[in-house]
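The structure is shown below.

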Amino acid sequence: MTASLLITAAQIAEYIGTVAFAVSGAMCAIDRELDLFGVLLLGIITATGGGMLRDVILGATPPAAFIDPVYVLTAAIVSLLVFLVAYIRPERYSRTHETVDRRIDIFDAIGLGIFAVTGAEAAMAAGHGDNLFLCVFMGMNTAVGGGILRDILSMRVPMVLVKHVYALAAIIGALAFCLLVRCLPPALAMFLAAGVTFVIRRLAVRFNWNLPKVRQIQNGK
């Protein structure tokens, strides 16, 4: 019964992550002044792109998103709702943009943790459980791949390369799952590892953690 409840909760969390990523993609498209199709496309790609890339790399074709389109449909509906709010009430959308963005960060952290773990689990299910590097990479790819595709299509530097400890949080969560699943029930290991990613991501936002980078110094300054 407990395992069944955990699995159900995981499915709910995946939907939350899909919704959050779809909103993120739709908002990015609106900021770039794309039309309705562009908003839908970026919303769907942000929410499902990582999983599609994962399936292609693992040789699971066609990707699961095309076999069971429930996540694509969810992302499309959410993206459409975001577009309608911005189109019908542009002044309200502009006023609430920053507030919504802060709230999305919380759901985004949940989705990041869940997708990092499910990506690693998919690699294990495909028979690559002994390849730790591949499993962790699949977890990271699933978690951040959609956002990278979104940013490339909207012609900006992928946020994963500059955002507060983002991909690193996914890597740590995927690694934690690969280690915990060896000694704990899979569902419990999944939630503990997803929780690790969530906590790291939220702490990074709260305390403005960033990886080091080179600061360019202009001549004469």
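## Nonpolar surface patch

I77 is exposed, with a relative accessible area of 53%. The model is a predicted one, and in it I77 is part of helix α4.

I77 also belongs to a nonpolar surface patch of about 690 Å², which it forms with L36, L80, L81, L84, Y87 and I88. Helix α4, spanning residues 70–88, supplies the largest share of this patch, with six residues.

## Cis peptide bond

Most residues other than glycine have a negative phi, and most peptide bonds are trans. The bond from T61 to P62 is cis, its omega being near -5°. P62 sits in the loop that runs between α2 (36–58) and α3 (64–67).

## Positive phi values

Which phi does M155 have, positive or negative? The phi of M155 is positive, at about 60°, although M155 is not a glycine. M155 is located in the loop between α6 (132–153) and α7 (167–180). M155 counts as exposed because its relative accessibility is 72%, where the cut-off for exposed is over 50%.

N208 is not a glycine either, and has a positive phi of about 60°. The position of N208 is in the segment after α8 (186–207). With a relative accessibility of 48%, N208 counts as partly exposed, since exposed requires over 50% and buried means under 20%.

Terms used: Residues are numbered from 1 along each chain as its sequence is written. This is a predicted model: local features need pLDDT of at least 70, side-chain atom pairs count only at pLDDT 80 or more; totals for chains, interfaces and linings use all residues. Side-chain values use heavy atoms; hydrogens and water are left out. Helices (H or I, at least four residues) and strands (E, at least two) are DSSP runs, numbered from the N terminus. Buried means under 20% relative accessible area, exposed over 50%, partly exposed in between (1.4 Å probe, protein chains only). Patches are made of residues with over 30% relative accessible area and no salt bridge: like charges are joined within 9 Å, nonpolar side chains (Val, Leu, Ile, Met, Phe, Trp, Tyr) within 5 Å. Accessible areas come from the Shrake-Rupley method with a 1.4 Å probe; for residues, only the protein chains shown count as cover. A salt bridge is a side-chain nitrogen of Lys or Arg within 4 Å of a carboxyl oxygen of Asp or Glu.
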